[in-house]
Amino acid sequence: MNQAEAILLGLRIWGSIGAVIAAMFLTIGMDRIDDDARDAYIFRPLLIPSILVIWPLVLWRWYLYESGHEHWARRYDPPRKAHFYVGWVLPVGICLIILTGLSQRQTWPAETAPVQLSEPTEISQ
Amino acid sequence: MSVKYIPVQWNWNKYIYDAVMLLGAGLFLYVFLYAAPGILSHERPINAQVHNARAFGACAFVMLTVILCIGPLARLDPRFLPLLYNRRHFGVMTAFVAITHAGYIVDWYFAFSASNKYEALLFANTSYGQLAGFPFEVFGIFALFTLILLAATSHDFWMKFLSPPVWKRIHYLIYPAYLSVVAHVSFGILQDQQNHVFTAIFVGGALAVGVLHLLAALKDRRTDAATSTAAADWVEVCDVAEMNDGFAKIRLLANGERVAVYLNEGRLSAISNSCAHQNGPLGEGRIIDCLVTCPWHGFQYDVTNGRSPAPFTEKVPTYNLKMDGTAVFVDPRANPPGTYVEPLRLRDGTTS
Amino acid sequence: MKQNRGPFFVGYLPAPEALRGFLLAVCVLFVAGLAGFGLAIGVAQDDPGDGAFRFDYGRQTVTGVVELTPYPLLRVTEGNEHIPAGHTLILAGTGKTNVESRAIPLEGQLAQVSGVMLQRGALDMLQLRGGRNGISAAEGAVTPMETVSLGRWKLAGEICDGKCLAGAMRPGRGLAHKACANLCLLGKVPPVFVSSQPVEGSEFLLITGPDGTHLPEKAYHYVAQFVSLEGEVERRGDLLVLRLDPETLEVLQ
């Protein structure tokens, strides 16, 4: 198996586990932890793709709700400081990436002539 | 503002928003796909698949650039807040446009070989040790996965289930994804393109995103400096004369929480500045029909107990207030969400 | 901090009067801007060149002597209007595949090949039909074919996959196309070196590894970049073959 196959196999395994968890969460888990989800079924298929991807996070949150470890204060603490880091990482990053990209551009060596380094050595066949 | 979840809670503004967005993206694609080929005077046309891939790729870039400008624009000038209202639909549409771009690429450049096309995408170019010729496809793959993840987790259910701060952290992935898109373009088409119209549009768009975020961050920092308070048992908010009826004063507490102190019909109440829905800044909203209304998506709360009116069930923490002369003080220890606090009644003539 | 005392938008309520003009302007600017960018970017695409599948020529069937460089060539002895006798034809399979398994048993023998031509300027190639319809032994005497060594050369230019370059894809070269080119080369599609200036009259040279090997792995990292390289050049009919010395590969500044 080459690395590309291994990566794709890994993704398939990840997604398959996610599918099992999606089935459990959407049929059993959701109604237990979210009142708004009870008797609401049409929107549930919309959630499948994300559960396939972030199922470990789903399990963790599910556990927090079931075990009562979800602390209310954490729900009102948005990561607003990140705006400040984004504010300088984004412009600096964008400039660096574009300048690096542009610096790599080549121009067609139209002026470079072929050079014969040595005479033919033999005539084969 | 869900009672029971449904796929999309439509209203007229969302219809208008989506119609304008689809019209813009549709026109971009239509003009690129059907008007441009006639104007290009190439001896032989660019392959349709490549032309399509470029149309959808460029469209996704422009859409993502517009989306990323909305946030900082709304922070710099609240008149742009309506653009924030339905931004998630814009993002989901961008994900679909980006998927179409990737589909054309994979089905063209990576098809026709003896290998699986997705494997080929991963192994065809492995020049990771160099800048020019770097497999820029991986930048696109990362950005595409991020866009799909963000689109897939855009439903209100996810915000509530993951909690707004966790949801927001996931959605901050849009920033590395955008840098990744910039790299995808810079080390891809930008290396070959001889006509620099696209280069100019690309650089202009990316710089606009960068500069707007910087300006918004600097403004946020000034605001934080102006509203931050030192640790104390009771934290001074302001003089009551500075307050306006129906509006709030925001204070950044020493523990990092923000409190919104509202004056409502001559009475003071304090709630968390973070909306239960998406942690929108409640203190930047205003009171409508006796209810604090979030400037982002219009979630409403009774300012005395932090509860959404029935049948809605959202709750935010409340804070205790006291007056010392005309100065308003807040207790930095939040009450659990939904706790009723008797409002402080002002004597007549103490406020403007 | 300054408060927003201006008009206040609530998503599920009609937009405030005072904001409508502004929002309308934003909408118009957005839609017009996107249409404008679509047009500007759409018409700013570079000319992909004149390479193409020559379906307009119809199916081509010619006869000649099969040679392996190791990429299979046909030294045409019985040609037609588009592929004259004396021409050296590069042979490729469909898609990103090669015809080596079918050409190896016929090495040095007379064979009839059939398929569709790809052409870009002086470069052409024949994409063979499947199985024995594409290539099969032909009756007749084998004319000895000459290979003339032209000595060692230092050249500047770009390593491409010959098939996309010849017109299987437009555009079919450049860094944005590098992964596709590599995938072709992994499928042993004949690689072609585009020289900055003609070598003995040829701008395009079939490029191989040293001593009759396929393009070496090292060269894959240089595909689609403008490079300088050295190698032995030989003439096979009207086609030049460059035997790359991989140690001499250098990216041009």
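Me: Contact here needs C-beta atoms, placed from the backbone, within 7 Å of each other. On that test, how many residues of chain C are in contact with chain B?

Reply: This is a predicted model, and in it 53 residues of chain C meet that cut-off against 66 residues of chain B. Helices α1 (17-42) and α5 (178-186) of chain C each supply at least two residues to this side of chain C. The largest share is that of α1(C), with 15 residues.

Me: What makes up the side of chain C that touches chain B, by class of residue?

Reply: The side of chain C that touches chain B has 33 nonpolar, 14 polar and 6 charged residues.

Me: How many residues do chain B and chain A bring to their contact?

Reply: Chain B gives 60 residues and chain A gives 48. On chain B, the elements with two or more residues in the contact with chain A include α5 (117-123), α6 (137-152), α9 (174-186) and α11 (197-227). The largest share of that side, 13 residues, belongs to α11(B). By class, the side of chain B that touches chain A has 39 nonpolar, 13 polar and 8 charged residues.

Me: How do you know what confidence chain A carries?

Reply: The scale of pLDDT runs from 0 to 100. The mean for chain A is 92, and 96% of its residues reach 70 or more. Among the elements of chain A, the lowest mean pLDDT, 51, is that of strand β2 (residues 123-124). Helix α3 (residues 82-104) of chain A has the highest, 96.

Me: What does chain B hold in secondary structure, and what does its C-alpha trace span?

Reply: Chain B has 11 helices and 11 strands. Its C-alpha trace spans about 85 × 40 × 35 Å along the principal axes.

Me: What share of chain B counts as buried?

Reply: The test is 20 or more other C-beta atoms within 10 Å of a residue's own. Of the 352 residues in chain B, 52% are buried. As for contacts in chain B with a separation of 6 or more, 58% join residues 24 or more positions apart.

Me: Which domains does chain B have, and how many Å separate their centres?

Reply: The domain assignment gives domain 1 (12-224) and domain 2 (235-351) of chain B. Their centres, taken over C-alpha atoms, are 39 Å apart. In the contact between them, 9 residues of domain 1 of chain B face 7 residues of domain 2 of chain B. On the domain 1 side, α3 (81-85) and α8 of chain B give two or more residues. That side of domain 1 of chain B has 7 nonpolar, no polar and 2 charged residues.

Me: Which domains does chain C have, and how many Å separate their centres?

Reply: In chain C the assignment gives domain 1 (52-137) and domain 2 (147-251). Here 19 Å separate the centres, taken over C-alpha atoms. The contact takes 24 residues from domain 1 of chain C and 25 from domain 2 of chain C. Elements giving two or more residues on the domain 1 side include β3 (72-78), β4 (88-92) and β5 (110-120) of chain C. By class, this side of domain 1 of chain C has 11 nonpolar, 7 polar and 6 charged residues.

Me: Why do β9(B) and β10(B) count as paired?

Reply: Pairing needs at least two bridges. Strands β9(B) and β10 (residues 327-330) of chain B share 4 bridges in the antiparallel sense, so they count as paired. One bridge links B:Asp324 to B:Ala327 in β10(B).

Me: What makes β1 and β9 of chain B edge strands?

Reply: The open sheet has 3 strands in the order β1-β10-β9 (chain B), with antiparallel pairing. Strands β1 (235-239) and β9 (321-324) of chain B each pair on one side only. Neighbouring strands of this sheet are turned by 30° against each other on average, direction ignored.

Me: How do you know that β2(C) pairs with β3(C), and what joins them?

Reply: The cut-off is at least two bridges, and β2(C) and β3(C) have 6, in the antiparallel sense. A hairpin joins β2(C) to β3(C) through 3 residues. C:Val65 stands opposite C:Arg75 in β3(C).

Me: Which residue is the bridge partner of C:Val65 in β5(C)?

Reply: That partner is C:Leu110. Strand β2 (residues 60-68) of chain C and β5(C) pair in the antiparallel sense over 6 bridges, so this pair passes the two-bridge test as well.

Note on methods:
Residues numbered from 1 in each chain as written. Chains lettered and ligands numbered in written order. Predicted model: local features only at pLDDT ≥ 70, side-chain atom pairs only at ≥ 80, totals over all residues. pLDDT = per-residue confidence, 0-100. Contact = placed C-beta atoms within 7 Å. Nonpolar A, V, L, I, M, F, W, Y, C, P; charged D, E, K, R; others polar. Axes fitted to C-alpha atoms, helices over the stretch in contact; angles between N-to-C directions. Domains from an automatic or database assignment. Buried ≥ 20, exposed ≤ 12 C-beta atoms within 10 Å, placed from the backbone.
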